[in-house]
Amino acid sequence: MQETNTLKARVEKVLRDSILEWKSSDSNLKIRIEYSRDERFGDYSTPFLMENKETLGPPLDNSKQIIPILERSELFEKVDFTMPGFINFKISKKTLNSYLFQIAEKDIFPELTKPLKIIFEFVSANPTGPLNIVSARAAAMGDIICNLLQKVGHKVHREFYVNDFGNQVFLLGVACLARLREALGETLTFQEEGDNTEISILLEKNILPSESYRGEYIKEISSALYSEPEKKKIIDELLQNKEYEKLSNQFSIWAVSFNLEKQKKDLAAFGVHFDEFFSERSLHEKGEVIEVLKYLKPYLKTEGEKISFLSTEFGDDKDRVVVREDGRPTYLLADICYHKTKVDRGFQKIINIWGPDHHGYITRLSGAMQALGLDKDSFQVLIAQQVNLLSKGEKLKMSKRLGQFQTMSDLIEFLGENYKDVGRYFFIARSLETPLDFDLDLAKEESEKNPVYYLQYAHARIQSIFREIGSKGKKEDFETLEYTEERRRLSVLIAKFPEEILDAAKLFEPHRLANYLKNLAKAFTQVYSAKENRLKDADSGTQSGLAFLLATTAICLSSGLEILGINAPERMERT
């Protein structure tokens with residue numbers, strides 16, 4: 001199925017063709033197709049006459065001219081007008097049937113006319129500890145958006161950028177060393193806020209810096225690393241020689257590797273897999289970070305030893321330092337270098353998911369990409385807003401540095417057997433830029449109040465019906481099946497499935513698919529609950545026609561759940 005063959009696209013084409021027949025041109029007119037807010041008015045509507053009244057004149061008068069042209073199309077059963085300027089379309093049964101027949105053949109997913117080679121970077125959590133809940137949301141969102149993009153024909157490369165270089169990584173090593181020395185019998189004290197004692201003195205006295213990591217997980221890391229014979233030998237030698245800074249650097253490398261492996265396991269358990277884990281350290285070791293300056297030369301300003309990128313030329317509120325006065329590159333320069341590799345690797349579209357604290361960072365990096373020659377629209381950042389975990393209606397507190405936080409692995413353990421299905425769905429239930437309240441109690445509930453259970457039970461119930469009647473129906477019998485209100489509503493939703501996939505992919509909004517699947521399951525329930533739709537009591541033709549309708553419903557449910565990374569069970573017990 002091509003993009004232009006989705007139902008919404010066909011409605012738009014008929015409207016455009018009708019406008020051309022009526023006015024000879026539509027070049028300066030606003031044309032927008034949307035779903036009707038009330039199904040009584042039709043399946044689709046357009047505010048075309050209202051939005052163009054300054055150009056065309058009174059909507060009511062114009063409706064009398066264009067509606068007769070629209071009514072000639074076999075696409076519509078009915079076309080009418082409502083004030084203040086909407087044209088409403090009700091799709092014909094013949095057209096709806098044709099979409100159900102395509103879906104029955106699993107010709108479901110629209111394909112874009114110009115697919116792109118996309119690199120999608122998401123999660124990219126600092127490897128200084130376990131993945132937290134915001135990272136879990138980014139993981140679910142990123143993975144499902146990638147699934148959507150692939151379903152419509154894009155080539156997608158999933159990437160995790162490992163921030164394994166810099167001061168925070170060094171402080172992780174310092175914390176691991178301090179906790180190990182404590183375990184070996186040395187006294188550990190904590191630096192007071194505002195104390196400016198040099199790091200070398202803090203290391204000598206085994207004082208944990210105030211900005212370092214204090215969570216219990218640090219003890220686990222240092223203990224695990226010390227238990228490895230080869231590492232223990234190196235640690236003991238450096239401890240004996242009191243080479244604390246060197247040992248802190250070594251610990252930081254080991255700890256990053258240790259944490260990253262745990263992060264990979266959590267992600268895999270959540271059904272999230274990356275094509276590449278790209279190391280920031282590798283860029284510094286190859287000298288590529290400083291080298292990228294030569295590509296930015298026309299947009300650089302030098303003040304002594306300090307070098308700034310002229311990001312104000314791209315809409316930033318001030319120019320940004322990329323090389324400090326002591327010659328060290330800033331994180332921004334490393335990030336510019338990393339993103340240049342994405343262009344160099346041949347990707348046509350760069351998409352990132354970042355946390356809410358990175359919103360102000362977008363303009364400066366976007367400007368740098370434009371300075372490197374990338375088209376502005378080829379770089380896009382999605383912001384993952386905060387997640388509030390709710391238990392008994394109250395928010396749980398999180399603090400990564402102090403170790404008082406709920407990790408992704410904690411959530412997986414809490415949710416139990418269905419952790420992947422429930423977790424992925426709940427994390428994408430609202431748009432990414434909207435803060436999310438994750439109701440732990442509802443997520444654990446095995447009833448129709450839980451949307452995941454509701455969707456899975458709908459699919460399983462349809463499969464049980466097929467087992468009962470021994471058939472999935474025939475399209476010939478569906479063609480002659482009389483449309484009741486419930487049957488038609490379900491048919492319309494099924495026919496809309498391809499465009500729902502396309503819209504969710506274009507807008508990076510998996511919640512659109514989640515909402516669609518809920519509406520589809522609800523429409524199935526309404527059909528199944530109606531007395532005239534009891535398949536066991538129906539004559540053979542009606543039974544076969546209804547079975548075909550349910551079979552296409554099941555295809556949409558299972559295909560949609562597959563994109564969400566959620567299991568579509570064949571059997572379930574109702575609770």
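Strand pairing, helix packing and local backbone features

Strands S5 and S6 run parallel and are joined by 5 bridges. The model is a predicted one. Strand S5 covers residues 117-121, and strand S6 covers residues 155-162. Across this pairing, Glu121 stands opposite Glu159 of S6. Of the 8 residues of S6, 7 are buried, so the strand is largely enclosed by the rest of the structure.

The loop between S5 and helix H6 holds Val123. Its phi is near 70 degrees, a positive value in a residue other than glycine. The relative accessible area of Val123 is 11%. Val123 is therefore buried, as this value falls under the cut-off of 20%.

A positive phi also occurs at Asn206, again a residue other than glycine, with a value near 55 degrees. Asn206 sits in the loop between helix H8 (199-205) and strand S8 (207-208). Its relative accessibility is 2%, so Asn206 counts as buried. A further backbone feature is found at Pro84. The peptide bond from Met83 to Pro84 is cis, with omega near 10 degrees. Pro84 belongs to the loop that lies between strand S3 (76-82) and strand S4 (86-91).

Between S10 and strand S11 (residues 306-309), the antiparallel pairing extends over 4 bridges. Within it, Leu300 has Phe309 of S11 as its bridge partner.

The other open sheet also has 3 strands, in the order S16-S15-S17, but its pairing is mixed. Its edges are strand S16 (394-395) and strand S17 (436-439). Each has a single partner strand, so one side of each is left without a neighbour in the sheet. Strand S15 (residues 387-391) pairs with S16 in the antiparallel sense, over 2 bridges. In this pairing, Ser391 is bridged to Glu394 of S16. Helix H17 packs on the sheet and touches S15 and S17. The direction of H17 makes about 155 degrees with that of S17.

Helix packing was examined for H7 and H9. The axes of helix H7 (residues 167-183) and helix H9 (residues 217-226) come within 8 Å and cross at roughly 75 degrees. H7 is thus roughly perpendicular to H9. On the H7 side, the contact involves Leu172, Ala175, Cys176, Arg179, Leu180 and Glu182. These meet Ile218, Lys219, Ile221, Ser222 and Tyr226 of H9. By class, the contact comprises 7 nonpolar, 1 polar and 3 charged residues.

Helix H22 (residues 510-529) has 20 residues. At 1.5 Å a residue, H22 should span 28 Å; its end C-alpha atoms are 29 Å apart, which agrees. Its buried residues are Pro510, His511, Leu513, Ala514, Tyr516, Leu517, Leu520, Ala521, Ala523, Phe524 and Val527. Several helices contribute to their cover, including H6 (133-151), H17 (419-427) and H19 (451-469). Helix H21 (485-507) and helix H23 (540-564) are also among the elements that cover the buried residues of H22.

Technical notes: Residues numbered from 1 in each chain as written. Predicted model: local features only at pLDDT ≥ 70, side-chain atom pairs only at ≥ 80, totals over all residues. Heavy atoms only, no water. Expected span 1.5 Å × (residues − 1). Buried < 20%, exposed > 50% of the residue type's maximum accessible area, 1.4 Å probe, protein only. Contact = heavy atoms within 4.5 Å. Axes fitted to C-alpha atoms, helices over the stretch in contact; angles between N-to-C directions. Parallel < 35°, antiparallel > 145°, perpendicular 65-115°, else oblique. Nonpolar A, V, L, I, M, F, W, Y, C, P; charged D, E, K, R; others polar. Pairing = 2+ DSSP bridges.
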